[in-house]
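This briefing is intended for reading alongside the sequence and the three-dimensional model. Please keep both in view while going through the points below.

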Amino acid sequence: MRFCFTASLFYCFTTMFGQSISLPGVVVIQNSEYETGHKIYVSGASIRAPHAKAVTSDKDGQFALAFAGVESGTPTRITVAKPGMEVVNSQETEQVILGREPQLIVVMADTLKLAEARAKFYNIATEGIARGFDRKMSILCDSNVAVEYRLAALTKEMDDTLATLGDAMTALSDQRDAAMKSAPNLAREFSLMDLDEASALYREAYGFFSLGEIDSALLVLSKDRLDRDYANA
């Protein structure tokens, strides 16, 4: 009789105030396995979230948050901090669905190193875009080749209909200007990507991008996104 009463009381409390949900996680260094051959973990990171007691990652980067008074399926935001470091996959930590994550992987990087990576990738992007523009313009201005062949070559490469040299020059300039505007976002995307968890296609795009082959990198990125969209669907 006493057991029944206790069980009923527990049921009432969990129904009224939600249940206790555990969210395990691990904090890792961005690109550590890609660069060194093994994962490097972040110890001493502070992990906080509403309805859960703050915890600290251990020497292996492991942590577990215990949420009280919430139901499975509740969205929450996880805040992870450590002096001198920055979370690079904040999109994953800002929208966590409780009860549906087997393990939350938090990726961090040294703040200074991350800023240097963004600047480096921005320079790679702008220099690569400029080189691509100069190369295409040299094709267009090669007087040793008939105009129709020059236009045909660029029409195929740019996937655009180019009727005259003037049209081609305008299209090239517009393409360069649009690419330059997107350079900061492109640099940010590559600087924040964790190559340890990236697909083979993304790593291929990263290789092209590092060499300044921007067009090839963007082509591979589009394939990677199509594959991810298909998998999600």
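How many nonpolar, polar and charged residues are in the lining of the second largest pocket? The lining comprises 10 nonpolar, 7 polar and 9 charged residues. The structure discussed here is a predicted model.

**Second largest pocket**

- The volume of the second largest pocket is about 510 Å³.
- A total of 26 residues line the second largest pocket, and those lying nearest its centre are K136, Q175, I214, D215 and L218.
- At least two lining residues come from each of the helices α4 (111-140), α5 (147-158), α6 (165-192) and α8 (214-232).
- The most is contributed by α6, which supplies 8 residues to the lining of this pocket.

**Nonpolar cores**

- In soluble globular proteins, nonpolar side chains tend to be buried together.
- The largest nonpolar core contains 21 residues, and the members touching the most other members are L23, L65, F67, I78, V80, V106 and M108.
- Two or more residues of this core are given by each of β1 (19-29), β2 (46-49), β4 (62-70), β7 (85-87) and β9 (104-110).
- With 4 residues, β4 gives the most to this core.
- Apart from its neighbours within four places in sequence, I78 is in contact with L23, I47, R48, A49, L65, F67, T93, V96 and L104.
- A second, separate core has 19 residues, including F190, L195, A217 and L221.

**Residue V220**

- V220 belongs to helix α8.
- The relative accessible area of V220 is 6%, and V220 is therefore classed as buried, the cut-off being under 20%.
- Beyond its neighbours within four places in sequence, V220 is in contact with L201, E204, A205 and F208.
- The C-alpha atoms of V220 and E204 are 7.2 Å apart in space, while the two residues are 16 residues apart in sequence.

**Aromatic pairs**

- The count of aromatic pairs comes to 7.
- F121 and Y206 form an edge-to-face pair, with 5.9 Å centre to centre and 75° between the planes.
- Because F121 lies in helix α4 and Y206 in helix α7 (residues 200-210), this pair ties together parts that are 85 residues apart in sequence.
- F121 is buried at a relative accessible area of 4%, and Y206 also counts as buried, at 15% relative accessibility.
- One aromatic cluster is formed by Y34, F121, F190, Y202, Y206 and F209.

How values were computed
Residues numbered from 1 in each chain as written. Predicted model: local features only at pLDDT ≥ 70, side-chain atom pairs only at ≥ 80, totals over all residues. Heavy atoms only, no water. 1 Å grid on protein atoms, 1.4 Å probe; cavity = no way out; pocket = protein on both sides within 12 Å on 5 of 7 lines; lining within 4 Å. Points joined across faces, edges and corners; volume = space filled by probe spheres on them. Nonpolar A, V, L, I, M, F, W, Y, C, P; charged D, E, K, R; others polar. Core = buried A, V, L, I, M, F, W, Y, C linked by side-chain atoms within 4.5 Å. Buried < 20%, exposed > 50% of the residue type's maximum accessible area, 1.4 Å probe, protein only. Contact = heavy atoms within 4.5 Å. Phe/Tyr/Trp six-rings, centres within 6.5 Å; stacked < 30°, edge-to-face > 60°.
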